[in-house]
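Let's take a friendly walk through this fold, from a helix to a hairpin and on to a group of rings. Have your viewer ready.

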Amino acid sequence: MSTEFCPLPDGARLWYWDDFAPGQCYQLGRYYLSKQEILEFGRHYDPLTIHTDEAGAKQTPLGGLCASGIQTIAVAQKLQIEQLFSKTAIVAGASMNNLKLRRPVWPDQSLSARIKIQRCYRMPTNAKHGMVEYQMWVLDQQGARVASFEIGIVLQCRP
């Protein structure tokens, strides 16, 4: 996906619903995912062999240890909050749709995330809030998509 990215908020001011528009794209940084982190997450939240046992994972159809899809989503969540939504007047998450886990995430990879704003509209039940819907892609260090999904969040409108 080649595109021009918008600058991220610098923290000098809070961003509101009014600051977003369809077509805007944001690059959300990188996160290094270690083997140890994959093992710990798997043991706590997704205790399948492919996430918890390096030797056992070699005997599975994937042929090795990999991150849980839920962990991949958690990394994307971390990146979008740290880079963008911690600097916005966020009210709440509203939806996650069309999740696709496209390829395994192997240990010791750097993941990155990108979003593209699809739709923005005022909330019909509260004129002080607006919905921002966007497409998110999670990429491995070679730039291949490992996951994609659509998100809806509710933001405050500028007072």
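## A helix and its partners

Which elements do the buried residues of α4 pack against? They pack against β1, α1, β2 (90-101), β3, β4 and β5. Here buried means under 20% relative accessible area, with exposed over 50% and partly exposed in between (1.4 Å probe, protein chains only), and contact means heavy atoms within 4.5 Å. Helices (H or I, at least four residues) and strands (E, at least two) are DSSP runs, numbered from the N terminus.

Please keep in mind that this is a predicted model, in which local features need pLDDT of at least 70 and side-chain atom pairs count only at pLDDT 80 or more, while totals for chains, interfaces and linings use all residues. Residues are numbered from 1 along each chain as its sequence is written, and side-chain values use heavy atoms, leaving out hydrogens and water.

Among the buried residues of α4 are Ile73, Val75, Ala76 and Leu79.

## The nonpolar core

A nonpolar core is a set of buried Ala, Val, Leu, Ile, Met, Phe, Trp, Tyr and Cys residues joined through side-chain atoms within 4.5 Å. In the largest one, which has 34 residues, Phe20 and Ile115 touch the most other members. Elements giving two or more residues to this core include α4 (69-83), β3 (109-123) and β5 (145-156). The largest share, six residues, comes from β5.

Setting aside neighbours within four places in sequence, Ile115 has contacts that include Leu28, Leu84, Phe85 and Trp137.

## β5 and its neighbours

Nine of the 12 residues of β5 are buried, leaving this strand mostly covered. Strands pair if DSSP finds at least two bridges between them. β5 runs antiparallel to β2 over eight bridges, and 11 bridges join β5 to β4, also in the antiparallel sense. Ala92 stands opposite Val154, and Leu139 stands opposite Arg145.

β4 and β5 form a hairpin with five residues between them, and Gly143 in the turn has a positive phi of about 90°.

## Aromatic rings

Rings of Phe, Tyr and Trp (its six-membered ring) pair if their centres lie within 6.5 Å; planes under 30 degrees apart count as stacked, over 60 as edge-to-face and the rest as tilted. The count comes to six aromatic pairs. Trp15 and Phe20 are edge-to-face, at 5.6 Å centre to centre and 70° between the planes. The rings of Phe20 and Phe85 have centres 6.3 Å apart and planes at 35°, so this pair is tilted. Phe20 lies in the segment before β1 and Phe85 in the loop between α4 and β2, 65 residues apart.
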